[in-house]
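Trainee: I have a structure to read and some questions about it. Can we go through them together?

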Amino acid sequence: MLPGTEDKKHLILTGDRPTGPLHLGHYVGSLRNRVKFQNQYEQYIMLADAQALTDNMENPAKVHDNVMEVALDYLAVGIDPVKSTILIQSQIPELTELTFYYLNLVTVARLERNPTIKQEITLRNFERDIPAGFLTYPVSQAADISAFKASLVPVGEDQIPMIEQTNEIVRRFNRLANKDILVECQALVPEIGRLPGVDGKAKMSKSLGNVINLNFSPAEIKAAVRNVYTDPLHLRVADPGHLEGNVAFMYLDAFDEDKAGLQEMKDHYVRGGLGDSIVKARLEGILQDLLKPIRERREEFAKDRGQVLQILKEGTRKAREIAAQTTDEVRAAIGLKHF
């Protein structure tokens, strides 16, 4: 639940690792909420390129190139740089400085116990060959959040341990400083946290190739919907169908605004007599209508990448001023202001 409405006193920090174009999972989990939040809160949106290098250091061009691509996705979905500050993480060295200080406030054992980090280590098959930068990501995130004194951080449920660890660091620092310099934050969990991949896997993921990107062409959308996982037991049209685990209906739940019509389709599917092709045709029509204006706006912004770069430069400049002020307060609190 959102704490309050139309409350500009709250500051939101959110963002993405620029490792590839954004997809429908990002749209449901964060992007469409950011468009709404920018009218309710002060909002900072970070292109976390430095953090993306923790598992892409051998291919930095992948991260560099996707900063612009993700920025284009932001603008295309309706994020307004007048209302939301878009910034590039690597261009704010104060964030790295804060991370360095905060590393002294957390143990390796505590980092290894973080459920989010444990899960990501398993997914990437790091075993014990964990890049130190990746292991210390919760500390870097704490630096990002606390630098802007963000009080609200939109995350999925799987990221809640990261917010808890941020607040542990904030509390420990404030105790050492003997005053409240840093601000604790609260997780904002969206109603629809994440979409499964088109193949039925638990997560829509660029690395798994089971995504529908926001910049997909009409033909790519059609092909992706054709491959959407439904009910493997629904072999004939007359057979009763199952909704559980049926990705087509999960997507319809997320995007179909005609809830009454959708419920009628679900009832028909469950009792039998409705083919998967009809369900997918409804889904494709909805996704084509959703993504067409996003794609067209993206193409317009892409015609002037210099303007987009200027938006990023100005947002980063504004963000750095805030981060520098917080870092100055932190230095003073731990006795590192010598002149």
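**Salt bridges and a buried serine**

Mentor: Start with R282, which counts as partly exposed, at 24% relative accessibility. Keep in mind that this is a predicted model.

Trainee: With which residue does the side chain of R282 meet in a salt bridge?

Mentor: R282 lies in helix α13. Its partner lies in the loop between α11 (247–255) and α12 (259–271), so the pair ties together parts that are 24 residues apart in sequence. The N to O distance is 3.7 Å, and the partner is D258.

Trainee: Is D258 buried, exposed or partly exposed?

Mentor: Buried means under 20% relative accessible area, and exposed means over 50%. D258 has 41% relative accessibility, so it counts as partly exposed.

Trainee: How far apart are the closest N and O atoms of D55 and R124?

Mentor: These two residues form a salt bridge. The pair links distant parts of the chain, 69 residues apart. D55 is in the loop between α2 (49–52) and α3 (60–77), while R124 is in the loop between α6 (115–123) and α7 (132–135). Their closest N and O atoms are apart by 2.6 Å.

Trainee: What is the relative accessibility of R124?

Mentor: Compare it with its partner. D55 counts as partly exposed at 24%. R124 also counts as partly exposed, and its relative accessibility is 31%.

Trainee: K222 and E284 meet in a salt bridge. How many residues apart in sequence are the parts this pair ties together?

Mentor: The side chains meet at 3.6 Å, N to O. K222 lies in helix α10 (residues 218–226) and E284 in helix α13 (residues 276–302). So the pair ties together parts whose separation in sequence is 62 residues.

Trainee: Is E284 buried or exposed?

Mentor: K222 is partly exposed, at 43% relative accessibility. For E284, the relative accessible area is 18%. Buried means under 20%, so E284 is buried.

Trainee: Leaving aside neighbours within four places in sequence, which residues is S140 in contact with?

Mentor: S140 lies in helix α8 (residues 137–147). It is buried, with a relative accessible area of 16%. Once neighbours within four places in sequence are set aside, its contacts are Q89 and T99.

Trainee: How many salt bridges does the structure hold?

Mentor: We discussed some of them, including D55 with R124 and R282 with D258. For the structure, the number is 22.

How values were computed: Residues are numbered from 1 along each chain as its sequence is written. This is a predicted model: local features need pLDDT of at least 70, side-chain atom pairs count only at pLDDT 80 or more; totals for chains, interfaces and linings use all residues. Side-chain values use heavy atoms; hydrogens and water are left out. Helices (H or I, at least four residues) and strands (E, at least two) are DSSP runs, numbered from the N terminus. Buried means under 20% relative accessible area, exposed over 50%, partly exposed in between (1.4 Å probe, protein chains only). Contact means heavy atoms within 4.5 Å. A salt bridge is a side-chain nitrogen of Lys or Arg within 4 Å of a carboxyl oxygen of Asp or Glu.
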